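Here are some notes for a first look at this model. Please read them with the structure open beside you.

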Amino acid sequence: MSTDQELARNWPHDLPDAEELLEVVRAYLADDLGPRAEGRDKWLLRIAANALSIVAREMRSGATDRAAHTARLASLGADSESQLAEAIRSGAFDDRQGQLAEALWETTLDKLAVANPSYRADSGFQ
């Protein structure tokens, strides 16, 4: 693979990539239209800009988050969230609540990093 291919996240497609396009649209909504909007339109523009930010963060961390979540499930002896839920309901973790809590906390932090990273930073969650 050439250097150009290694540098382009969206190779073989042209730049800008999807993440950059999302950022341009988000910035336009939030920074250009937002200050001029009023009332309900201003609120809807903020929602749209935030949604685009979530999509970009999910694209950026999705593969890593999936791998980490799959590994956490496996460490708990589950192949899926529904299998984990059934194990919890059946009492399989009654003697391993610390291990379960740690895995669920790490998953929660990963989700929060995508949904609203400023909340995590502002709240001091680690």
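1. Start with the lining of the largest pocket. By class, this lining holds six charged, four polar and two nonpolar residues. Here Asp, Glu, Lys and Arg count as charged; Ala, Val, Leu, Ile, Met, Phe, Trp, Tyr, Cys and Pro count as nonpolar; the others, Gly among them, count as polar. The lining residues are Glu58, Ser61, Gly62, Asp65, Arg66, His69, Arg72, Thr107, Asp110, Lys111, Val114 and Ala115.

2. A caution on the source. This is a predicted model, in which local features need pLDDT of at least 70, side-chain atom pairs count only at pLDDT 80 or more, and totals for chains, interfaces and linings use all residues. Residues are numbered from 1 along each chain as its sequence is written, and side-chain values use heavy atoms, with hydrogens and water left out.

3. How much space does the largest pocket hold? About 240 Å³. A pocket is an open set of points on a 1 Å grid over the protein atoms alone, where a 1.4 Å probe fits, with protein on both sides within 12 Å along at least five of seven lines; lining residues have an atom within 4 Å of a point. Grid points are joined across faces, edges and corners, and the volume is the space filled by probe spheres set on them.

4. Which helix gives the most to this lining? H3 does, with seven residues. Helix H3 (39-75) and helix H5 (97-115) each supply at least two. Helices are DSSP runs (H or I, at least four residues), and strands are E runs of at least two, numbered from the N terminus.

5. Now H5 itself. Its 19 residues should span 27 Å at 1.5 Å a residue, and its end C-alpha atoms are 26 Å apart, which agrees. The expected span is 1.5 Å times one less than the number of residues. Leu100, Ala103, Thr107, Leu109, Leu112 and Val114 are buried in H5. Buried means under 20% relative accessible area, exposed over 50%, partly exposed in between (1.4 Å probe, protein chains only).

6. Look at Glu19 in helix H2 (residues 18-33). Glu19 counts as buried because its relative accessibility is 16%. Beyond its neighbours within four places in sequence, Glu19 contacts Arg9, Ala56, Met59 and Arg60. Contact means heavy atoms within 4.5 Å.

7. The chain has six helices and zero strands. Buried residues are 25% of its 126 residues.

8. Finally, confidence. The mean pLDDT (the predictor's confidence in each residue, from 0 to 100) is 89 for the chain. Helix H1 (residues 3-7) is lowest, at a mean of 55, and helix H4 (residues 81-90) is highest, at 97.
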